[in-house]
Structures are given as C-alpha cells and as structure tokens.
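Me: I'd like to learn how to read a helix and a sheet in a structure. Can we go through it together?

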Amino acid sequence: MITRQDYLLREDITFLNHGSFGACPKELLQEQRRWIEQLEQQPVLYFRELMHQMQKARTVLADYVGTKASNLVYITNSTFGVNVAAHAIAQLLQPGDEILSNDHEYGACNRAWNAHAVSKGAIYVQQHIPIPVPNSSDLLELLWSGVTPKTRVLFLSHITSPTGVQLPVAELCKRARENDIITIVDGSHSPGHIPLDLSTLGCDIYTANCHKWMCTPKGSAFLWARDQWLERMKPLVVSWGSDIPTTKDGYFVDEQEFLGTRDHSPFLTVPYAIEWMRRNSWESVQNRCRELTQQGVKMLCSIGGVRSISVAGQDPLLQLGTVMLPDNTDTDAMKTWLYDERCIEVVVHRWLDAPILRFSVHAHTSESDIRALVGAVQEYLDNGISA
Ligand SMILES: Cc1ncc(COP(=O)(O)O)c(C=O)c1O
C-alpha cells in the first residue's frame, strides 16, 4: 500500500493540494535518476539510443490512454500542448470565427488562445458557468447554448482547475462533431484520475499532464491528435524534425518530440510509473481516494455556511473536493491562516466572486489530513475570522 512515507512531502505540512503540481514518489524519482545517470555515463550513446527508448515510452503511454504511438507525443506540460493546438487551429480561422470556451478555464490556456488566435481576429467566447455548478445534463445544454453559426472550435477542460468540476466532454464532442466544430480538450487533471480512452472520447486534439495524478516527475505530459490533424500541428520550436526523420512514427512525432538536447528523463519514467500504478492496484487506491473526498466534502458541508460547488452534490468520481465557503469569506486571509497557523496546503480562492475551497486526495492522503482540514475550517469560520 502506498503511504505518505513513499513521498518526499514534508512531515509538518498537511498537503491537500496534489492537484496543482502533483507530488512524485521516491521510487519514481529513483527511476528518473537512473535515466539521468545513464545519460551522464555515456552521453553520446544515450542520445544514439534515445529515439528507440522514446518510442518504447510513447507506446506504453499510448496503450494506457487508448491510442497509437504515432498520434501522441511527449511534451513538457499541457500549457505547451494547448499552445501547439491553438497555433495550429488559428491558421484555419477567419476573422470573426469563434472559439467557444467557458469561464472556468485555466488562465494560461486562455492566454494561449489570445496569443495565437484572438490576435488574428478570432473571438474567444467564455460561456458563463454559474457557481454552484449545474448538474451534468444542464451543463451540457448550457455550454452548447454558446454555439453560434460562427463557432469553429470548442475548447474546454476535462476537469476544471479553479472549480474541480468534470465537464461533459464526450457528449459535447459528439455534438461538435455532428456540427463540424473542432474540439480541443485540456485534460490536465485526467490521466491517473479518471478513466481516459482517447479512441472513444471523440475529441480532435487532447493534451494532458502525467505529472499531476499519475505522479510522474515534473515536465511529463502529452499531446494527442486525430490522424487528420497530425500534419497541421506545426512545431513551436523548430529543430531537425522531419528533415532528419528520427522515428517511423512520422511527421508529428519527429517535429514535436525531438527538440534538440533537453532532459528526457521525465518522459522515460512514465512507463515505470504506469507499472507502479498497476503494481499498487490503482483502482483500489482511487476508490479509497474518492471515498475520502466524498467524506471530506460531506464533513465540510456540515459546517454552517459551507456548501457543495455542485447543485447535484459533489461528483462522486473525483479526487478533487470543492466546496463554497460563506459569501463574506476573505479567501486570501483564510488561505494564509490555514497555511501559517495550521500548516495546511489547500486551494482557497475566489472564482467568479464565489469563495471556494478545493482540496485534493491522493495515495499519500490520510483520514487525519481530512480531519485536520475540516477542524481548521470549522475553527476559522466559528471564530468569525472571516467577518
Ligand atoms: C485545467 C488546467 N490546464 C492547464 C494547466 C497547466 O498545467 P501545466 O502548468 O503543467 O502546463 C493546469 C494546471 O494546474 C490545469 O489545471
């Protein structure tokens, strides 16, 4: 069984924010270290064999997320992936064409769309999702109601960052496809967290981080595209690429993955991480985490003025628990108090003027971590520190 001792996490901190940057267990860091040492022992040999090793690592990850190795490349993070996608799609847009998104998206990705598409005359539409968040079928209709005759692209997160809500991606992609709308999904929070099968999800382009919920070293993520998009996905950093083909996997892989001398150890550690998850019965790890998340949400919602982010109650399938705090909560002050006075690392912020607390539950999280959070929130609100 995986425990907190398997991680480097500091003992004095109740760490309930796995969602922001992940946390990598010692065993996976050791595997990463093994790759780094192999490189430093014989750098030239390492780079000679690298293409083959990367191909193997790509195949294992592709299998894990239900696709082929030729449609997927390793990238450093999903912000990078969104940039590549936005740049590629922007070439197809006319001034006035609309990219439909929503107001729960990650800020860096909004900026990527602005830089690549809005600057050329496209319109980035952020459909409003109210808080508390409607149930999945209402959410589907609400997001879809933002489609106009000018909508060419739908961009959305699989699980939103500021509010920890799973969006009805498969249903939206199906409708988008029937209406010739290109779909791009930011799956930063999905791999290792919710089931992911790219062969059936139905989107055109998908990018995600491994370094969050799969616990791999920082700088391990992927970008996936359907066959028809591969040649359009031009590299943002131009290196040797397909002038000197390095793999049999084609243009997309050669152009996107081989960007000169850089650290490949986070990517090469991914197959080991997938094996580590299997060896540790990931499904049962996840079931425990989901239960603990639900318990945490329930306990927090029993505190006066705290309620679920979702009108239908917390989505039972996630390891992110999100609640709304009393309206008058000074979220910055509360976050600082939780960290400075109670050593609790958790997300507390205002989103669309709603005061929100988002906690993460992962293999290293214990019931006592959740009790510590609930006790501290109760103490803070009872003492009227928020008034
Ligand atoms: C929904 C979402 N998209 C994108 C990102 C960016 O991830 P990265 O910094 O690894 O690119 C995050 C990070 O928290 C996120 O939650």
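Reply: Let's begin with a polar contact: a pair of N or O atoms within 3.5 Å, where, within protein, one must be able to donate a hydrogen and the other to accept it, and residues adjacent in sequence count only if both atoms are side-chain atoms. Here, a side-chain oxygen of Asp 330 sits 3.3 Å from the backbone nitrogen of Asp 332, capping the N-terminal end of α14. By the way, this is a predicted model, where local features need pLDDT of at least 70, side-chain atom pairs count only at pLDDT 80 or more, and totals for chains, interfaces and linings use all residues. Residues are numbered from 1 along each chain as its sequence is written, and side-chain values use heavy atoms, with hydrogens and water left out.

Me: Which residues of α14 are buried, and which are exposed?

Reply: Buried means under 20% relative accessible area, exposed over 50%, and partly exposed in between (1.4 Å probe, protein chains only). In α14, Thr 331, Met 334, Trp 337 and Leu 338 are buried. Seen down the helix axis, they fall within an arc of 120° (taken from the directions from the axis to the C-beta atoms), so they line one face of α14. Asp 332 and Asp 340, on the other side, are exposed.

Me: And what is the strand order in the open sheet of seven strands?

Reply: Strands of a sheet pair through backbone hydrogen bonds, either parallel or antiparallel. Two strands count as paired if DSSP finds at least two bridges between them. The order here is β2-β8-β7-β6-β5-β3-β4, with mixed pairing. β2 and β4 are at the edges with a single partner strand each, so one side of each has no neighbour in the sheet.

Conventions:
Helix = DSSP H or I, 4+ residues; strand = E, 2+ residues; numbered from the N terminus.
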